Amino acid sequence: MAALRYIADAEDDVRAVALDGLTLLYHAPSGTTHIVASPAPEILAALSEKPADIAELLARLATHFDFEDDAAAEAIGARLVELEAAGLVRRA
Amino acid sequence: MSGPDDSKAAGDGFVASRRTVLALGAIAASTVVTVRPALAQTAGSVMACQIPVPGPQAAGSYIAQDGSAVAAGTPGAAPPLSRPLTGEEAKVLLRGSTPPGVDPGAAQAYANYIRRLQAGMSGFTCYASLQMPR
């Protein structure tokens with residue numbers, strides 16, 4: 001079975017404002033505002049207009065970041081479910 | 001001024017000290033809070049949100065009368081809309097009317113497509129916003 005692939009909208013569609021450790025996102029296509037914490041902004045940037053499954057997403061993030069979590073794939077999967085429910089990522 | 005930098009290998013283009021640790025969070029923890037439109041936004045911005053018909057995941061597909069995405073050219077199905085619907089236009093469609101620029105014969109198919117939107121599909125958050133009491 002193929003792994004689920006996710007994609008985020010173009011960065012031009014999402015206005016981001018850093019806010020004391022959190023990030024405010026205004027998602028223009030849905031007209032909705034979200035308050036997100038790391039690693040959500042990093043995931044959205046890595047998926048912007050570039051679909052990936054969890055393994056590819058981890059590989060992209062690993063070019064910029066180290067991970068402290070042993071269960072990185074499970075944690076990333078949980079973050080993607082949240083971002084999908086919020087409408088910030090969708091299945092590619 | 002330059003300090004000692006014995007650890008950096010010559011010719012290494014990467015600056016290791018700039019790498020940061022990305023905490024991915026506990027599996028059960030939440031990193032997203034959505035500000036509900038009724039609290040944070042004017043009606044105007046909700047009405048201006050967009051619903052592509054169909055969404056990018058089904059780009060080019062036609063829309064059957066039941067709202068499902070079907071192969072382009074399927075008899076009886078409506079062609080994709082050339083531009084996304086606004087929230088206001090979607091609301092008109094869901095009331096059973098036809099907004100300007102939409103083929104009245106296809107309005108029901110488009111309305112059913114909107115009703116079938118699910119979390120994660122482009123336009124869902126806009127549709128969900130339309131349903132919220134204010």
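I'll start with the sheet: four strands form an open sheet in the order β2(A)-β3(A)-β4(A)-β2(B), with antiparallel pairing. Strands here are DSSP runs of E of at least two residues, helices are runs of H or I of at least four, and both are numbered from the N terminus. Two strands pair if DSSP finds at least two bridges between them. The edges are β2 of chain A and β2 of chain B, each of which pairs on one side only. On average, neighbouring strands in this sheet are turned by 20° against each other, with direction ignored. Axes are lines fitted to C-alpha atoms, for helices over the stretch in contact, and angles run from 0 to 180 degrees between N-to-C directions.

Before going on, the provenance. This is a predicted model, in which local features need pLDDT of at least 70, side-chain atom pairs count only at pLDDT 80 or more, and totals for chains, interfaces and linings use all residues. Residues are numbered from 1 along each chain as its sequence is written, while chains are lettered from A and ligands numbered from 1 in the order in which they are written.

Now the join between the chains. β4(A) and β2(B) run antiparallel and are linked by 4 bridges, with A:Val36 opposite B:Val32 in β2(B). There is also a parallel pairing: β5 of chain A, residues 65-67, with β1(B), over 3 bridges. In that pairing, B:Val21 of β1(B) is the bridge partner of A:Asp66.

How many residues does the contact take from each chain? It takes 34 from chain A and 32 from chain B; contact means that the C-beta atoms of two residues, placed from the backbone, lie within 7 Å. On the chain B side, the elements giving two or more residues are β1 (20-22), β2 (32-35), α1, α2 (43-47) and α5 (124-131). By class, that side has 17 nonpolar, 14 polar and 1 charged residues. For the classes, Ala, Val, Leu, Ile, Met, Phe, Trp, Tyr, Cys and Pro count as nonpolar, Asp, Glu, Lys and Arg as charged, and the others, Gly among them, as polar.

Next, chain A. Its elements run β-β-β-β-α-α-β-α-β from the N terminus, which is 3 helices and 6 strands. Of its 92 residues, 36% count as buried. Buried means 20 or more other C-beta atoms within 10 Å of the residue's own, exposed means 12 or fewer, and partly exposed is in between, with C-beta atoms placed from the backbone. Helix α1(A) lies across β2, β3 and β4 of chain A together with β2 of chain B, at about 115° to β4(A).

On to the cores. A nonpolar core is a set of buried Ala, Val, Leu, Ile, Met, Phe, Trp, Tyr and Cys residues joined through C-beta atoms within 7 Å. The largest has 22 residues, and those with the most contacts inside it include A:Ile43, A:Leu44 and A:Leu88. β1 (6-8), α1, α2 and α3 (72-85) of chain A each supply at least two residues of this core, and α1(A) gives the most, with 5. A second, separate core of 21 residues includes B:Ile51, B:Val53, B:Tyr110 and B:Met121.

Some backbone geometry. Most residues other than glycine have a negative phi, and most peptide bonds are trans. A cis peptide bond joins A:Ser38 and A:Pro39, with omega about 15°; A:Pro39 is in the loop between β4 (32-37) and α1 (40-47) of chain A. Another cis bond joins B:Val53 and B:Pro54, with omega about -5°. Then the positive phi values: A:Asp20 is near 50°, in the loop between β2 (14-19) and β3 (22-27) of chain A. A:Glu49 is at about 60°, in the loop between α1 and α2 (54-62) of chain A.

Why does A:Asp20 count as exposed? Because it has 5 C-beta neighbours inside 10 Å. A:Glu49 is exposed too, with 11 other C-beta atoms within 10 Å.

Last, confidence. The model scores ipTM 0.75 and pTM 0.55. Mean pLDDT, the predictor's confidence in each residue from 0 to 100, is 78 for chain B, and 74% of the residues of chain B reach 70 or more. Where pLDDT is low, the predicted coordinates should not be read in detail.
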